[in-house]
Amino acid sequence: MSKEVDGKVLRRLEEWKREEGQLPDFVELYKRLLRLQCEVKSLISGRGLAKEVISERLERGIPLQPFHELPIDWTLLQNLLQQVLVTIASYPLFSPEEITSLRKVVLDYPLLKQIVEAWYEGKSLPALTGNTASGLLPAIIRAGIWPFLTIQSEMLLPQVDQERWRKRYCPICGGRADFCFLEKENGARWLSCSRCDTEWLFQRLECPYCGNQNQDKLAYFTDEEGLYRLYICEECRSYIKGIDLRKTASEVLLPLEKVITIELDNQAQNDGYKPGWIV
């Protein structure tokens, strides 16, 4: 998301906190992490690609930002990850053993680079001997790499022909979508990347994870106002959350909607569906 949207999200959260006195713990954690990420984002300039490279990759269906070309300042990333660990350590959901285990990974540059590359390319993460926090590791990596990816997305996305892409993975980083929305003007469905918040046009009647187009195995549920949608696929038993912007009167901040719709995640998972963006 752009720096403008970042600022709007943070201001919206501050308003919410003033009105309610405090935020739910998971929202407060999101706000604190976003502040850290925005500080790093302000130090990143990004790197463009030649037009012919962009054209060739899009024509072949290849995401524009391969890992080996991602301009990561590893010192900056390590510093951010250490701050992320300090922040989450203040929440009782995470044990001191988990934080210590993750800190060892963050400080081991060769290992960290190997893990980030495997995560980015969708490969199995290296086995970590004695690691007690392997389940948390992908989320930590995602938090750290987000500023670098979003800067690249802002730079590269304008070069993407949305009508021609329409694939089940992000045109920038190749990530899966974790949210979708119906466009206010004509109800077209767009996906939002779980890794870099890139938005891209997609089919209304297709599972964004397995490609199922059998309407007998696709469905969605809505709330009473018809604002939020929970799309499910019986073929792969995955779900994706969404919002219908045709039902909104005020500005919607999609990155924030991903966080505050946690009840939709609970509902879907209680019914036996899995978040399709988590491989």
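Let's start where two helices meet. In α6, Ile115, Val116, Trp119 and Tyr120 touch Leu137, Pro138, Ile141, Arg142, Ile145 and Leu149 of α7. Contact here means heavy atoms within 4.5 Å. Helix α6 covers residues 109-120, and its axis comes within 11 Å of the axis of α7, crossing at roughly 85°. That makes α6 roughly perpendicular to α7.

A word on the terms. Axes are lines fitted to C-alpha atoms, for helices over the stretch in contact, and angles run from 0 to 180 degrees between N-to-C directions. Under 35 degrees counts as roughly parallel, over 145 as roughly antiparallel, 65 to 115 as roughly perpendicular, and the rest as oblique. Helices (H or I, at least four residues) and strands (E, at least two) are DSSP runs, numbered from the N terminus.

Now the ground rules. This is a predicted model, where local features need pLDDT of at least 70, side-chain atom pairs count only at pLDDT 80 or more, and totals for chains, interfaces and linings use all residues. Residues are numbered from 1 along each chain as its sequence is written, and side-chain values use heavy atoms, with hydrogens and water left out.

Next pair: α4 and α5. Helix α5 spans residues 96-107, and the axes of α4 and α5 come within 10 Å and cross at roughly 175°. The two are therefore roughly antiparallel to each other. On the α4 side, the contact uses Gln78, Leu81, Gln82, Leu85, Val86 and Ile88. On the α5 side, Ile99, Leu102, Arg103, Val106 and Leu107 take part.

On to α2, residues 25-41. This helix has 17 residues and reaches 24 Å from its first C-alpha to its last, close to the 24 Å expected at 1.5 Å a residue. The expected span is 1.5 Å times one less than the number of residues. How much of α2 is covered? Mostly covered: twelve of its 17 residues are buried. Buried means under 20% relative accessible area, exposed over 50%, and partly exposed in between, with a 1.4 Å probe and protein chains only. Among the buried residues of α2 are Val27, Leu29, Tyr30, Leu33, Leu34 and Cys38. The buried set also includes Glu28, Lys31 and Lys41. What do they pack against? The partners are α1 (3-20), α4 (74-88), α7 and α9 (254-260).

Stay with α1 for a moment. Trp16 lies in this helix. Trp16 is partly exposed, with a relative accessible area of 26%. Leaving aside neighbours within four places in sequence, Trp16 is in contact with Gly21, Leu23, Pro24, Val27 and Ile260. Val27 is one of the buried residues of α2.

Helix α3 is next, residues 51-59. Which of its residues are buried? Ile54, Arg57 and Leu58. Seen down the axis of α3, the buried residues fall within an arc of 95°, so they line one face of the helix. The arc is that of the directions from the helix axis to the C-beta atoms. On the other side of α3, Glu52 and Glu59 are exposed. The cover over the buried residues includes α7 (137-156) and α8 (162-165). Just after α3, Gly61 takes a positive phi of about 75°.

Positive phi turns up in other places too. Most residues other than glycine have a negative phi. Arg166 is not a glycine, yet its phi is positive, near 45°. Arg166 sits in the loop between α8 and β1, and is partly exposed at a relative accessible area of 28%. Asp197 also has a positive phi, about 65°. Asp197 is in the loop between β2 and β3 (199-202). Is Asp197 buried or exposed? Buried, at 13% relative accessibility.

One more loop. Glu183 is in the loop between β1 (177-182) and β2 (189-193). Glu183 and Arg246 are 63 residues apart in sequence and 6.8 Å apart in space, C-alpha to C-alpha. Not counting residues up to four places away, Glu183 touches Ala188, Trp190, Leu245 and Arg246.

Last topic: cysteines. Cys196 is buried, with a relative accessible area of 1%. The sulfur of Cys210 is 3.7 Å from the closest cysteine sulfur, in Cys233, also too far for a bond. Cys210 is partly exposed, at 31%.

Notes
A disulfide is a pair of cysteine sulfur atoms within 2.5 Å.
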